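Please look over the sequence and the model first, and then follow the points below by topic.

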Amino acid sequence: MKNIIFCDATELYNMLNQSTRYSRLTDPIYLYLIDVRTKYQYDESHVITAKRAKKDEYGNYLLPEDVELECVKYCVVYDGHTTTLNSSGHSMQYAKLLEDVC
């Protein structure tokens, strides 16, 4: 992952359905989905392979421990509210954390 881009639903769909034998949704090296919505929202509905972003006791986001981010081609962070890269929502906070690490 090299930089932050805004991806609309059509672009994500195309990313997931590139011509391969199996769906890219199940390939952990190709795509890592992170849901930064509340626990309640995540429990109600989320993309099937998405992981919920964790926070520490101070409310700061924690990096995922179950994946080597350097190996992942795309990290997709979603929150249901962010509409531009200029916003300061939860998805942008988490994306900037990932960008600092990768």
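This is a predicted model: local features need pLDDT of at least 70, side-chain atom pairs count only at pLDDT 80 or more; totals for chains, interfaces and linings use all residues.

By the rule applied here, the count of salt bridges comes to 2.

**Salt bridges**

- Another salt bridge is formed where the side chains of D43 and K39 meet, at 2.8 Å from N to O.
- D43 and K39 are separated by about one helical turn, because they stand 4 residues apart in helix 2, which covers residues 39-44.
- D43 is partly exposed at a relative accessible area of 47%, and for K39, also partly exposed, the value is 47%.

**Aromatic pairs**

- The count of aromatic pairs, by the rule used for them, comes to 2.
- Y30 and Y74 form an edge-to-face pair, with 5.3 Å from centre to centre and 75 degrees between the planes.
- Y30 lies in the loop between helix 1 (9-16) and strand 1 (31-35), while Y74 lies in strand 3, so the pair ties together parts that are 44 residues apart in sequence.
- Y30 is buried, with a relative accessible area of 5%, whereas Y74 counts as partly exposed at 28% relative accessibility.
- The rings of Y61 and Y94 have their centres 5.3 Å apart and their planes at 90 degrees, and therefore this pair is edge-to-face.
- Distant parts of the chain are linked by this pair, since Y61 sits in the loop between strand 2 and strand 3 and Y94 in helix 3 (residues 90-101), 33 residues apart.
- Both Y61 and Y94 are buried.

**Cysteines**

- A search of the whole structure for disulfides finds 0.
- C71 counts as partly exposed, at 41% relative accessibility, whereas C75 is buried, with a relative accessible area of 14%.

**A leucine in a loop**

- L69 is placed in the loop between strand 2 (51-52) and strand 3 (74-78), and L69 is buried there, with a relative accessible area of 5%.
- Along the chain L69 and C7 are 62 residues apart, and their C-alpha atoms are separated by 19 Å.

Key:
Residues are numbered from 1 along each chain as its sequence is written. Side-chain values use heavy atoms; hydrogens and water are left out. A disulfide is a pair of cysteine sulfur atoms within 2.5 Å. Buried means under 20% relative accessible area, exposed over 50%, partly exposed in between (1.4 Å probe, protein chains only). A salt bridge is a side-chain nitrogen of Lys or Arg within 4 Å of a carboxyl oxygen of Asp or Glu. Helices (H or I, at least four residues) and strands (E, at least two) are DSSP runs, numbered from the N terminus. Rings of Phe, Tyr and Trp (its six-membered ring) pair if their centres lie within 6.5 Å; planes under 30 degrees apart count as stacked, over 60 as edge-to-face and the rest as tilted.
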